[in-house]
Amino acid sequence: MKISYNWLKQFIKIDLKSEETATLLTDLGLEVEVVCNYQSVRGGLEGVVVGHVLTCEKHPDADRLNITTVDLGDGTPVQIVCGASNVAKGQKVPVATIGTRLFDKDGVEFEIKKGKIRGQESHGMICAEDELGLGTSHDGIMILDANLKPGTPCAKVFNIEDDEVFEIGLTPNRADAMSHYGVARDLRASLLQKNSSIELITPTVSTFRIDKRTLKIDVDVKDSKLAPRYCGVTISGVTVKSSPAWLQNRLKAIGLTPKNNIVDVTNYILHDLGQPLHAFDAAKINGKIIVRTVEAGTKFITLDDVERTLHEEDLMICDEKGPLCIAGVFGGKSSGVTETTNSIFLESAYFNPISVRKSAKRHALNTDASFRFERGIDPNITEFALKRAALLIKEVAGGEITSDIVDIYPKKIEDFPVFLNFDKTAKLIGQELPKETIKKILASLDIKVNSVSDAGLGLIIPSYRVDVQREVDVIEEILRVYGYNNINFTKKLNATVANSARTEDHKVQNIIATQLNSLGFHEMMANSLTTPEYIKLSEMLKEEYNVMMLNPLSHDLSAMRQSLLFSGLEAVSYNINRKNSDLKLFEFGKTYHKLPSGYNEPKHLTLFVTGNRISESWTTAEKPSDFFLFKGFVDSVLNRLGVCKIQNKPVESDVFAEGITIVCGNDTLVEFGTVKKSILKHFDIKQEVFFADFNWNLILKSISNKIKFTDIPKYPEVRRDLALLVDNTVAFDTIYTIARQTEKGLLKDINLFDVYEGKNLPDGKKSYAVSFTLQDNTKTLTEEQIDKIMSKLQKNLEAEIGASLRQ
């Protein structure tokens, strides 16, 4: 938001430097990001003075040039070659002296230098209005008032305005400060705290009166909830033209382009008082003004010449034939003010902030008016702003006020009470402020003290302070005006040591994140908002479980995600499309489900692996990631957390082409496997992607806190290998389980080191090469013990799964 310093001084008479004022505003919470200089004419006409043409003769070597002698007021006339046909002896003209910097029509700066033109010296330039930036005419040089004294700076002649503009990073809650008046009100509060006796100057509307009652336009507000207050008045006999220089300068200083005097006044009042206004061409209003909603699908052309389709909840300003304006957002083309307008209906209203915000977002319109209405303006300034605007329009456009003010305000928006407790104020601020100081600050903020007791103050908060609704809000107001920098800090340092569990969520997350980073994974974070269309990719997801947004930014961000898979695949696809196809990603996040029993937000850890595990180099060929590598990553997470007593089962989720479910009792801890090609095709992914979904809430419950320590074995271990011929349907996990049940004491490790299927094997068979590591912690194993164990293993495998030794 831009605030003009000259404009601000119309409300509060201060002589502080802009840097000091910027510091005060920043301390108040209105952070000044930058202070810029503004000049109504670029360069400020510095170096341009009034010259008196003493002589004017034709150039001897150029028919279109004249040689003039010009008095610049310093007693030494100079010679200037001029090409203007209207230059003549005795004129007072603007002269750009040597060293003056001017700007061409494209804004490019150039310097006036001493030179020769067709052999004749020229010591400056007699200027046209476009060369000085005072207009667009280049028909000839400017002829000034004959009474002006030579040497007078032209900046004084043309009243060049120099201004400084504060760019304020306004926070959304400070609706009260969205105007010059609002900023001045805050600045006064700060200066009063510093014992500076200063008054806030409120513009007067005492001269407002009705000239005649010849153009009455009735108003019918159909929904007072959407339009709690609506005011209007007619002004006839206006002349639509360019605004006077002072008004144009005010708007230009804050980055607005002047349109015409009527529109400029409405923009001026918006930034002056914070009250949006709208002017309708009264001749284009059919019958009366009706404030209502319209049928969905109604077409409406706005001022930007765009046809928009209206929603049934859009509040519209209509006449008896149809809509004229989107209330609080944007005007319509059919009723706008043009050069032929001679009478207007001027609107000043308070619209429901939520209704305006939804309409603005629905039509992708972000106007100065909607910006203010959305955040909540002062409902009690509506009529005052209307009168102020009407008086300004009479001043700059002429005309007469030709109707009574219509003010429809069925239920007044009242100020609201808050009780301020002194003890709580001291506790939150960290310092006890004098009660009189608190009262003084509150008074400077227009907060009335309704009652006083030993415990605190009963307060009445003005209705325009929509951000001050609670006691803590009042305390914040006191603190920001008193000054955060004025609060003393205690020299005593207090510290406490929290007794926290080792298995706190954030600690476990850090442990696993560190481990996955060491394995080459990168952490990602996807948006929890997604498209509801993703549920069609899996039968496990239900449409009725979708948590839908009431006011979505778009259809693609209208539902809370039921799975982290699809947002992860979006990231995978994004990277692959940018030639980053070897990926290891993980994410901690929640899914959201609307169940019959209520809302559920389980937490998950997901892993994604795709592309090559080893990049191509001169020593190694590239090697793609595979299922068993990915299974190792999953197992490493569970092993790091000490999750034991788990079983592997076939995966049930339909997002996997193949996979495994790891369960603990009846709880599913992890599902992982290869993502179906049909799902990958939806994201335009042509390479294999492995996905794991950890139920993080159950993982935390399954973590073992017990730590066991054992001595390093003193006796050697023994390895024996078996080449087992088994059915194709037999998994290694089955062999592992049988071996563990056969020998629980001495069998330390079981490892599958080769799998063979193909030539020289019977149909339906495959070969597993399995190693068994045996060790006794109390003595060295004998061959007899080893053979006995291996014989027992072989018999049990044969009996359980029909395994035989491969010949």
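**What the words rest on**

Mentor: Let's start with the second largest cavity, which holds about 50 Å³ of space. Keep in mind that this is a predicted model: local features need pLDDT of at least 70, side-chain atom pairs count only at pLDDT 80 or more, and totals for chains, interfaces and linings use all residues. Residues are numbered from 1 along each chain as its sequence is written, and side-chain values use heavy atoms, with hydrogens and water left out.

Trainee: What makes a space a cavity, and how do you get a volume?

Mentor: On a 1 Å grid over the protein atoms alone, a cavity is a set of points where a 1.4 Å probe fits but cannot get out, whereas a pocket is an open set with protein on both sides within 12 Å along at least five of seven lines. Grid points are joined across faces, edges and corners, and the volume is the space filled by probe spheres set on those points.

Trainee: Which residues line the second largest cavity?

Mentor: Lining residues have an atom within 4 Å of a point, and here they are D176, G182, R185, D186, A189, S444, L445, Y464 and R465. Helix α5 (residues 180–193) gives the most, with four residues. Helices (H or I, at least four residues) and strands (E, at least two) are DSSP runs, numbered from the N terminus.

Trainee: How do you know which class each lining residue falls in?

Mentor: Ala, Val, Leu, Ile, Met, Phe, Trp, Tyr, Cys and Pro count as nonpolar, Asp, Glu, Lys and Arg as charged, and the others, Gly among them, as polar. That gives three nonpolar, two polar and four charged residues in this lining. The lining of the largest cavity divides into six nonpolar, six polar and one charged.

Trainee: What makes you say that α5 meets helix α13?

Mentor: Contact means heavy atoms within 4.5 Å. By that test, D186, A189, S190 and Q193 in α5 meet R480, V481 and Y482 in α13. By class, that is three nonpolar, two polar and two charged residues. As for geometry, α5 and α13 (residues 471–482) pack at about 65 degrees, with axes 9 Å apart. Axes are lines fitted to C-alpha atoms, for helices over the stretch in contact, and angles run from 0 to 180 degrees between N-to-C directions.

Trainee: Why are β25 and β26 called edge strands?

Mentor: They belong to an open, antiparallel sheet of three strands in the order β25-β27-β26. β25 (416–421) and β26 (448–452) each have a single partner strand, so one side of each is left without a neighbour in the sheet. Ignoring direction, neighbouring strands are turned by 30 degrees against each other on average.

Trainee: How do you know that β25 and β27 really pair?

Mentor: Two strands pair if DSSP finds at least two bridges between them. β25 and β27 (residues 456–461) have six, in the antiparallel sense, so they meet the rule.

Trainee: Why is L442 called buried?

Mentor: Buried means under 20% relative accessible area, exposed over 50%, and partly exposed in between (1.4 Å probe, protein chains only). L442 comes out at 0%, so it counts as buried. L442 sits in helix α12 (residues 435–444) and, leaving aside neighbours within four places in sequence, touches L420, I447, L457, L459, V474 and I478.

Trainee: And what makes S771 buried or exposed?

Mentor: S771 has 3% relative accessibility, so this residue is buried too. S771 is found in strand β44, and its contacts beyond four places in sequence include R719, D749 and F753.
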